[in-house]
Amino acid sequence: MAAFRMAPSLITGDIQIDNEHEHLLVLADRFADFLKANNDEGCAGTIVELTEALESHIENEEKIMARYGYTNLEEHKEQHEKGKKRYDALLKKTARHGYNNGFFDDLIAILADDLITLDMDFRGYLKKMSHKG
């Protein structure tokens, strides 16, 4: 059973963005399972997959936002950069100290706070756009 699912309040309204967010949470669940089993190889493999998915998601999301003419895109990109720096710092810390529950807590904070919740302004923008049409 998965620990993380997209709450309805976090749905942006763009299917691709929402599906990618869900995929990131599935990978976080997988990582949690490997962490609980003390499977460092599984943790490492999942982090590689998560890193690739995260990079792809950020690129896709920014393209989608540009296509919609999102007015706060530049600020959003800056926030993505901050989130990526936190993520990179977390990976470097892990290279020194290994995977632990603190790593997982920090990972979830980055995914939830810096990436998924960040998109709620975009959700509001999409709602305004749909009411104009």
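# Exercises on side-chain pairing in a predicted model

Glutamate 81 has a relative accessible area of 39% and is therefore partly exposed.

**Exercise 1.** Identify the salt-bridge partner of glutamate 81 and state where the two residues lie.

*Solution.* 
1. The partner is lysine 84, with the closest N and O atoms 2.8 Å apart.
2. A salt bridge requires a side-chain nitrogen of Lys or Arg within 4 Å of a carboxyl oxygen of Asp or Glu, and the pair of glutamate 81 and lysine 84 is listed as such a bridge.
3. Both residues belong to helix H3 (residues 73-97), where they are three residues apart, about one turn of the helix.
4. Lysine 84 has a relative accessible area of 29%, so this residue is partly exposed.

**Exercise 2.** Determine which parts of the chain are linked by the salt bridge of aspartate 106.

*Solution.* 
1. Aspartate 106 pairs with lysine 93, and their closest N and O atoms are 3.8 Å apart.
2. Aspartate 106 lies in helix H4 (residues 101-116) and lysine 93 in helix H3, 13 residues apart, and the pair links distant parts of the chain.
3. Aspartate 106 is partly exposed because its relative accessible area is 29%.
4. Lysine 93, with a relative accessible area of 41%, is likewise partly exposed.

**Exercise 3.** Describe the salt bridge between glutamate 59 and lysine 63, and state how many salt bridges the whole structure contains.

*Solution.* 
1. The side chains of glutamate 59 and lysine 63 meet at 3.2 Å, N to O.
2. Helix H2 (residues 40-68) holds both residues, four residues apart, about one turn of the helix.
3. Glutamate 59 has a relative accessible area of 45%, so glutamate 59 is partly exposed.
4. A search of the whole structure finds five salt bridges.

**Exercise 4.** Classify the ring pair of phenylalanine 31 and tyrosine 99 as stacked or edge-to-face, and locate both residues.

*Solution.* 
1. The structure holds eight aromatic pairs.
2. In the pair of phenylalanine 31 and tyrosine 99, the ring centres are 5.5 Å apart and the planes stand at 70°, so the arrangement is edge-to-face. The cut-off for this class is over 60 degrees.
3. Phenylalanine 31 lies in helix H1 (residues 15-36), whereas tyrosine 99 is in the loop between H3 and H4, so the pair ties together parts that are 68 residues apart in sequence.
4. Phenylalanine 31 counts as buried because its relative accessibility is 0%, while tyrosine 99, with a relative accessible area of 23%, is partly exposed.
5. Ring pairs link Phe31, Tyr99, Phe103 and Phe104 into a cluster.

**Exercise 5.** Explain why the rings of phenylalanine 122 and tyrosine 125 are classed as they are.

*Solution.* 
1. The ring centres of phenylalanine 122 and tyrosine 125 are 6.4 Å apart and the planes are at 20°, so the pair is stacked.
2. Both residues lie in helix H5 (residues 120-132), three residues apart, and are thus separated by about one helical turn.
3. Phenylalanine 122 and tyrosine 125 are both buried.

Terms used: Residues numbered from 1 in each chain as written. Predicted model: local features only at pLDDT ≥ 70, side-chain atom pairs only at ≥ 80, totals over all residues. Heavy atoms only, no water. Buried < 20%, exposed > 50% of the residue type's maximum accessible area, 1.4 Å probe, protein only. Phe/Tyr/Trp six-rings, centres within 6.5 Å; stacked < 30°, edge-to-face > 60°.
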